[in-house]
Amino acid sequence: MDKIIMEHGSGGRATGELIKEIFEAQFDSDVLSEMEDAAVVPGDATIAMTTDSFVVTPLEFPGGDIGRLCICGTVNDLCMRGAVPKYITCGFILEEGCDIEQLRRLVKSMAATAKEAGVKIVAGDTKVIEGNGGIYINTAGVGFVPKGVDIKAKNAQDDDVIIVSGNVGDHHATVLSQRMGIKNTIESDNAPLQEMVGKLIENKIPVHVLRDVTRGGLATVLKELALASGLRFEILQEKLPVSAQVKSFCGLLGLDPLYMGNEGKMVAIVPKEYAAQAVEIIRGCKYGENACMIGAVNTPENENEVGALIMKTEIGGRRFLDILQGEGLPRIC
């Protein structure tokens, strides 16, 4: 059978065959293979948990797919609290008519990304609904936070430095290019970031804040962090890492890379005296070669600067940046 049919969601023989041939064959987890109603896994530390749902068109794109995307997104959310990701569950909502070979590719991609990220897929669920062949994935993730690690949005301090782990806008530009039939060589940045976070902690960098840069873009993330801390965030336009191709793409379509979605980038806020070392560590990791310092955190000079995000432009001006308003057109996930 080449397509998903409603019988695959019946809970009967067809459902069992789908689970065995597609999911269990790729995820190959001793816990998952028990096929119990809940996974029992070991753990004795402070737990971090997250959940997310993934919808993207197209399902496959240069540099990635929805399968890789859902693992990266879940792993990265755990990492942003300093947790070591360990376990993931996944729920699939399959529309009748979805292509089984494509589903097989996506599940294989999930398995490979989970292996890269060092996490185990331990439980799942599948539902089949009427529709036009779409695939949607929901995940939940669990990780363990090392003793003494306390990373959260409000921890930014005066004189901290703002670091971004690499070029921004690649994912947004990739998906939009595919939708519009624009030919280029831009690829999505979707990637798991556990290596760079782990090495920052292993090297005893006192990381105050971590946040992955996803929907809403870099400006939205930094504005949210500024509001959480009540401090003033300043960034330099000339320091923003954007590839030449994405710059050209933005110029063509009138997009602002500050508000473009990413799926493999993070912001790290650390004390000034550790900033250079932190950048060096991130650059030494896979996916971090373009990491750079883009700005600083300061005490507000007046009421208007409390929670403000200010960009110093290349011509010497000051631009107050806010959270993305309305829908980021076109929506890319």
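**Terms and what they rest on**

Reply: Val164 stands opposite Val267 in β10. This is a predicted model, in which local features need pLDDT of at least 70 and side-chain atom pairs count only at pLDDT 80 or more, while totals for chains, interfaces and linings use all residues. Residues are numbered from 1 along each chain as its sequence is written, and side-chain values use heavy atoms, with hydrogens and water left out.

Me: How do you know that β7 and β10 pair?

Reply: Two strands pair if DSSP finds at least two bridges between them, strands being DSSP runs (E, at least two residues) and helices likewise (H or I, at least four), numbered from the N terminus. Strand β7 (residues 160-164) and strand β10 (residues 266-271) have five bridges, in the antiparallel sense, so they count as paired.

Me: What makes β8 and β13 edge strands?

Reply: The open sheet of seven strands runs β8-β10-β7-β11-β9-β12-β13, with mixed pairing. β8 (209-212) and β13 (318-321) each have a single partner strand, so one side of each is left without a neighbour in the sheet.

Me: Why is α5 called oblique to α8?

Reply: The axes of α5 (residues 194-202) and α8 (residues 275-283) come within 9 Å and cross at roughly 140°, where axes are lines fitted to C-alpha atoms, for helices over the stretch in contact, and angles run from 0 to 180 degrees between N-to-C directions. Angles under 35 degrees count as roughly parallel, over 145 as roughly antiparallel and 65 to 115 as roughly perpendicular, the rest being oblique; α5 is therefore oblique to α8.
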